[in-house]
Structure formats: C-alpha cells, structure tokens
Amino acid sequence: MSKNYAALAKSIVDLLGGVNNISAVTHCMTRLRFVLKDDSLVDSPALKSLSGVLGVVRSDNQCQVIIGNTVSQAYREVVSLLPENMQPAVPQGKPKITLKRIGAGILDALIGTMSPLIPAIIGGSMVKLLAMILEMSGVLTKGAPTLTILTVIGDGAFFFLPLMVAASAAVKFKTNMSLAIAIAGVLVHPSFIELMAKAAQGEHVEFAFVPVTAVKYTYTVIPALVMTWCLSYIERWVDRITPAVTKNFLKPMLIVLIAAPLAILLIGPIGIWIGSGISALVYTIHGYLGWLSVAIMGALWPLLVMTGMHRVFTPTIIQTIAETGKEGMVMPSEIGANLSLGGSSLAVAWKTKNPELRQTALAAAASAILAGISEPALYGVAVRLKRPLIASLISGFICGAVAGIAGLASHSMAAPGLFTSVQFFDPANPMTIVWVFGVMALAVVLSFILTLILGFEDIPVEEAAADARTRQAAAPATV
C-alpha cells in the first residue's frame, strides 16, 4: 500500500516542534536525520506511533526518524516544508565540556559526515565488483578499455573520498564547502601525489623549510574530516581580522594559505595516524580472538545499528579494503546479523494472526534477506516484539562464528544480502561462495526456528484496528 509521504512529512515536522525548530536535515539508507534547536519540543511517543515510522533514535539535539527503504521519498517531502536557509538557534550559554560530550560530539561528527556518502560508496563498491567478475569470467580481458572505464567508475568514489568527506563535513560544521573541497583537493592533486611518492622513497620534501611527511590521502576519511573541522574555526577567525573592503579577495586567500599547509604538515599526518590506529586496534582484536571476534560482532551488530554506532566502522572498512583488498571481521559478521533479522521476520509473518503485522514482517524480511537492509526488520518487527530480537542476536552470534571459521572476507562494503553476496567471493578460493550461501541459509533457518521456539506476544487484530482508528482521528491535528 502506497504511503502519503506529504502527510507523513508534515506530521513528523510538527511533532519535532515545527519548522522553526529544525536546524538541518539529511538522510541515510533508512533514516531521516534531524538537527534540532530545542530538543524538549519533540513528542517521541507520538512520533513512534505514526504509521510509516519504524522507530525514533534521539541523542542531545539529534533526532533520527527511521522510515525504511523509501526514506528518500519522505525526505523530499520534508525538505519541501522547510525554508531554504535554515538558521540554527543561538546556544544559551557555553555547554560544560565533559568526556561524554566530547565522545558524543566525535561520534556525531563521524556519523553525520559519513551517512550521506554511503550510497556513493556502495555504488562504487558494486561497480568495482562487477568489473572484477567480468574479468574473472573472461567476458572482458585485462586491459580492455571497457574494463578500465568500469574500474575507474567504481574507484571514483574511493579515490576522491577526501573531497566527498570535505563537502559533507562542511555541511555538518557549517563552513564554506567550496573552500573545504579546494583544500581537500590539494591532498589528491596529481602533482602532490607524485611528490608524496618521492617522499615515500626517501627523497627529502619540505614546505617553507618544514619537512613534509610522506602520506597517501586517497581512500582516506579522517584527514579531510579533521581538516574541515579546523577550517570552520579558521574561517571565523580570518573573517574577524580581515577589513570589510578586502573580504572578497583577502579572506579566501588567507583561509587557503593557512588551512592547506596546516592540512599538509600537521592535520593530514595526524589524521592518517588516528585512522591507522583505529584500524590497527580493531584488527588486533580480530587477530587475537579470531572467529570469536566475528561472532561477537554478529551478535552486537543490531544493537550498534540501533544506536547508530555501526557507522563508526565505515572509515576502518574503507581503509582496510583499500590497503589489503578485503575486510574480514565487520562485513562477514553482518551476513548473519542481517539475514537473522530477516529469518525472525519470516517467522513472525508465519505465526502472526495480524494481517498488518504479517505484511510488515514479509516486507521487512525481503529487505533484510535480499538487499541486506535490516532496519525495517529491526524496528518494524524485532524491537517491537522483543523476543524475535533475542532470537536474531543468538543466531547472529552463531552465524558470525561460522563465517569467521570459514575465513570469509568482503571485497566491497555493500550491506550483505542475497543480491550482494558476490562481494565475499574470493577468486583464489571458489569454495567461499558455498560458505557464504551456507551462512546465509543457516542465518535464515536458525533465526526462524529460534523465533518460533521463543515465541512472541502477537499484536491483536482488535488492538491494531483501534490503534489505526486513533491515528486516523489524530491525523487532522498533526497533518
């Protein structure tokens, strides 16, 4: 049944405190992500009860409204309701700096910057995968122009990732996007890349008598993110010290002359070290625990998705695939996690007497099993009924263990599902595809059986109908 996204968007905006309470909005694969001026104006219970809303996640002045696979349609309607230039509220006093607030700020910056880039990254990953399959199957020979162009198309999002991160971070940190892109562009400029290659071979490279660290910035996230955050402060400082009559030319010139060398000499190398340190920590744990780390991640993954913390692993996955060609801990764990939620949803659809819940569960199961998009199953079924979530976590742990023992690794970062299973195929080991399908089948069957064994409290048809009537009666007040 088609949804009235215009009415849904109007209801969401009203329950968030109205148009004037929204500072910014964007969306990822399944969520509308709002930045609010006054968090106290949000009516969370009413938001969660809206037909078409699968769940709500809140943190400080952030509010994420889970819509599902059709989030882009809701997003267009929300944007049409908002003014073109949304101004954030002026904060009342300086907030107290705590470790919790710092951690939340870093997490928010990372998630807020990376979420809009996920479609481009997934699209590029799948095109690169297509090129690899066409070469392996002999359809295209190595060095063929078509194969080269396909590879370049797939690699574009990764090679120029610093520029994409800078553009997205500029929106997040409310700084000049063109300046952020220009400075990030320095890091991937062919001449600079050539200079860094010489430095890596031992040649002395300096800028204004300061030695330049040899760093490769393509495929990286952290340097451009930190650089753009610093740019937001540099821009404000330069704006204060430049006379009004010279702002048109002196201000951008000073910003670039300050920010670009700072990025090259300090921020870039530090960002690379931070990113490498995070990757090293994650995969050191993997090295010590082996398959157990994949199993633990498989059980935790739905909980990480609920908090939005799963996006923290995006830079690590990108960097690992760029450096080694594959990723063997996070991505394999998602196979069991995603398809287990799909299997639990199938069990709910099989057992429920509620036609509306059955329809929701079937759609959620198809999304999770076929495309690897698990949030409709997570919020529309598992969290709502609770015991199917427990079944999914148990199944995710067991299937993660099997995937870890099999040594599965992904050559892409598309959400693992039936349609994207080819990303786990290793040309050097054809049996990997058998293991992938085996883990997928195990996840669906095991979570299906566990959900039936654990059971769940079905939503009575009468209660659902009464709830629908209540929503319909409340519609004129919120639409």
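Predicted model: local features only at pLDDT ≥ 70, side-chain atom pairs only at ≥ 80, totals over all residues.

Reader: Why is N69 called partly exposed?

Author: Its relative accessibility is 45%. Buried means under 20% and exposed means over 50%, so N69 counts as partly exposed.

Reader: What does N69 touch, not counting residues up to four places away in sequence?

Author: N69 touches M29, T30, S367, I373 and P376. N69 and P376 are 307 residues apart in sequence, yet their C-alpha atoms are 7.7 Å apart in space.

Reader: And N4, is that buried or exposed?

Author: N4 lies in the segment before α1 (5–15). Its relative accessibility is 53%; exposed means over 50%, so N4 counts as exposed.

Reader: How do you know whether C63 and C399 are buried or exposed?

Author: The cut-off for buried is under 20%. C63 has 1% relative accessibility, so C63 counts as buried. C399 has 0%, so C399 counts as buried too.

Reader: How many disulfides are there?

Author: A disulfide needs a pair of cysteine sulfur atoms within 2.5 Å. By this rule the count is zero.

Reader: What makes the angle between α6 and α7 parallel, perpendicular or oblique?

Author: The axes of helix α6 (residues 145–159) and helix α7 (residues 161–173) cross at roughly 50° and come within 5 Å. Roughly parallel needs an angle under 35 degrees, and roughly perpendicular runs from 65 to 115. The two helices are therefore oblique to each other.

Reader: Which residues meet there?

Author: A157, F158 and F159 in α6 meet L161, P162 and M164 in α7. By class, this contact has six nonpolar residues, with no polar and no charged ones.

Reader: Which residues touch the most other members of the largest nonpolar core?

Author: They are M114, I121, V165, W301, F313, I318 and V330, in a core of 62 residues. Helix α14 (residues 330–351) gives the largest share of this core, eight residues. Leaving out residues up to four places away in sequence, W301 touches H310, F313, V330, E334, A337 and N338. There is also a second, separate core of 24 residues, including Y5, V13, I22 and V53.

Methods. Residues numbered from 1 in each chain as written. Heavy atoms only, no water. Axes fitted to C-alpha atoms, helices over the stretch in contact; angles between N-to-C directions. Helix = DSSP H or I, 4+ residues; strand = E, 2+ residues; numbered from the N terminus. Parallel < 35°, antiparallel > 145°, perpendicular 65-115°, else oblique. Contact = heavy atoms within 4.5 Å. Nonpolar A, V, L, I, M, F, W, Y, C, P; charged D, E, K, R; others polar. Core = buried A, V, L, I, M, F, W, Y, C linked by side-chain atoms within 4.5 Å. Buried < 20%, exposed > 50% of the residue type's maximum accessible area, 1.4 Å probe, protein only.
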